[in-house]
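Here's a quick report on where two chains meet and what sits in between. Have a look at the model first.

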Amino acid sequence: MISSNLSAIFYLVSGILFILALRGLSSPDTSRQGNYFGIAGMIIAILVTFLSIGNFSSSFLYVLLLLFLGGSIGAFIAFKIPMTAMPELVAGFHSLVGLAAVFVAIAAFLNPEVFNLGIVGNIKLASLIEMSIGAAVGAITFSGSIIAFLKLRGLMSGAPITFLGQHYLNLILGIGIFVLIFYLCKTQSENIFWTVITISFLIGVLLIIPIGGADMPVVISMLNSYSGWAAAGIGFTLENTALIITGALVGSSGAILSYIMCKAMNRSFFSVILGGFGADNSQSDIKSKKDQKPVKSGNAEDAAFLMKNASSVIIVPGYGMAVAQAQHALREMVDKLKKNDIKVTYAIHPVAGRMPGHMNVLLAEANVPYDEVFELEDINNDFANSDVAFVIGANDVTNPVAKTDPKSPIFGMPVLDVEKCKSVLFVKRSLSPGYAGIDNELFYRDNTLMLFADAKKMTEDIVKNLD
Amino acid sequence: MEIDPFIFRFSIFILSIFVGYYVVWSVTPSLHTPLMSVTNAISSVIIVGAIIAALASTSENDFSSSSIFGYLAIILAAVNIFGGFLVTQRMLQMYKKKKDKK
């Protein structure tokens, strides 16, 4: 048993350790140490909670057992999950945080004495507001993350699902939640509490279904942020500093990531959230016109020849590389090129892939040193001085239309200037447009050679031809 | 007049948002995926609420309705804590510099 003042200090310590955990991520060198800080903070928080409650009866054994059970499941997943599945794993984990927040809020509502919040039927007003907000945000996080998970996993089509009046429905439900919370505070009715949670689950689903596959980086970051706010809401209810600090950290972290992702697509946060992007066919006229243009296509031999005679090559990976699991083959190709004294670097667009930093993790998995991998603004000027750009699985992020055609839906989006390279090798399965539903002008340029194939297969073939 | 303790907690909250803002902007973009998995892991500190719900009940019954929700939340949060930190660790191990590889 320790006093509540002492435990509050320990909670503060664990909050600070969490800050240091995020701080460590400012560089790969310090990041591992940062992760240990995070683990230490978590252990402190859990131990202090045990000690401050001081209940080591039979239920303590159940808690240890469940901790062990959940921990083994988590550890198993963590070791088994392939790196390409990271986006859906993160979405899945967010859903768990959301649901845990809902459960804690329910427990607090059903038995407020335990948390010093008053008694059933007469819970303190502030606590009631805090716990219902925590529960509502938690429920939205849960169901929204489940939908995101299903979309990322391919169990549900990544295409946006829209229907008439969708936004009005969301708006009405959102207002409804506030009205219900107001009445909940007046009546303390259990039924209203359950209704708030149910509607929030519904909002989570409705919020995410209209958002298409390639907007997932924003969605995941947003849900990350929500899970933080839910934790903070519960933290206020429990008057727990560690939870409040963590919730605020995670909340702002997710919000910043969403902002970065939106900016990288030159779209407002609201346009992403309202969804339906890439679903309309207003671009089809332009598309059919362009179909007439000639396209140069080649095979692995041509590609190998071009690269062998280059002095510098920039690789531009995208979601297609993740789908085809081509990162290891790619690394092999790069090794061969380097043996021939060719300078190879990687250029990563912020929204390449399905979550922030997705490509970086895959390249790291394939043992690509991180100091060969560059962000858009650091490498964009190098394209003009390079011989070959090897675009593998990326599309919209290389489309020069974003710079030239104000009518294009992606106009203004920062893109990689691959067309400035002497030649561009574009690995793609077909000429089909990318996520934005628009044709890539790059396909028809004179210096572009299309390599129609699966990304992995093509890369492997090029490797063979490099010998 | 005495200040409501809520105001202190609210101050901590707002200050932490600012700390989070500056700390997260300094995270290198190549580590954004580990950032998400580690924030996910630390937000599972919500487990303290679950533990209180499960253990602090004064009733003799180990399985009151509120403690059951506590137990359930403990499992969920535990999956997240272990899964989140371990998968972050696994990812971070992969980030190597050029000189390390030989």
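## The cavity

The largest cavity has a volume of about 40 Å³. By cavity I mean a set of points on a 1 Å grid over the protein atoms alone where a 1.4 Å probe fits but cannot get out; grid points are joined across faces, edges and corners, and the volume is the space filled by probe spheres set on the points. The structure holds one cavity of 30 Å³ or more.

This is a predicted model, with local features needing pLDDT of at least 70 and side-chain atom pairs pLDDT 80 or more, while totals for chains, interfaces and linings use all residues. Residues are numbered from 1 along each chain as its sequence is written, chains are lettered from A and ligands numbered from 1 in the order written, and side-chain values use heavy atoms, leaving out hydrogens and water.

## Who lines it

The lining (residues with an atom within 4 Å of a point) consists of A:Asn360, A:Leu363, A:Ala364, A:Val368, A:Tyr370 and A:Val373, plus B:Ser30 and B:Tyr95. Helix 15 of chain A (residues 358–365) gives the most, with three residues; helices here are DSSP runs of H or I, at least four residues, numbered from the N terminus.

By class, that's six nonpolar, two polar and no charged residues. Nonpolar covers Ala, Val, Leu, Ile, Met, Phe, Trp, Tyr, Cys and Pro, charged covers Asp, Glu, Lys and Arg, and the others, Gly among them, are polar.

## The A–B interface

On to the contact between the chains. Here 106 residues of chain A are in contact with 79 of chain B, contact meaning heavy atoms within 4.5 Å. The buried area is about 8300 Å², with carbon and sulfur atoms giving 77%; that's the accessible area (1.4 Å probe) the two parts lose on being put together, summed over both. A:Leu25, A:Arg32 and A:Asn35 supply 7% of what chain A buries against chain B, more than any other three residues.

## Polar links

Between chain A and chain B there are 17 residue pairs in polar contact, both at pLDDT 80 or more (N or O atoms within 3.5 Å, one able to donate a hydrogen and the other to accept it, with residues adjacent in sequence counting only if both atoms are side-chain atoms). On chain A's side, helix 3 gives the most, with 17 residues. That side has 68 nonpolar, 26 polar and twelve charged residues.

How many salt bridges cross the interface? The rule finds one, taking a side-chain nitrogen of Lys or Arg within 4 Å of a carboxyl oxygen of Asp or Glu. B:Arg9 and A:Glu239 form a salt bridge at 3.5 Å, N to O. Over all chains, the structure holds twelve salt bridges. B:Arg9 lies in helix 1 of chain B and A:Glu239 in the loop between helix 8 and helix 9 of chain A, so this pair joins two chains.

Key
On a 1 Å grid over the protein atoms alone, a cavity is a set of points where a 1.4 Å probe fits but cannot get out, and a pocket is an open set with protein on both sides within 12 Å along at least five of seven lines; lining residues have an atom within 4 Å of a point.
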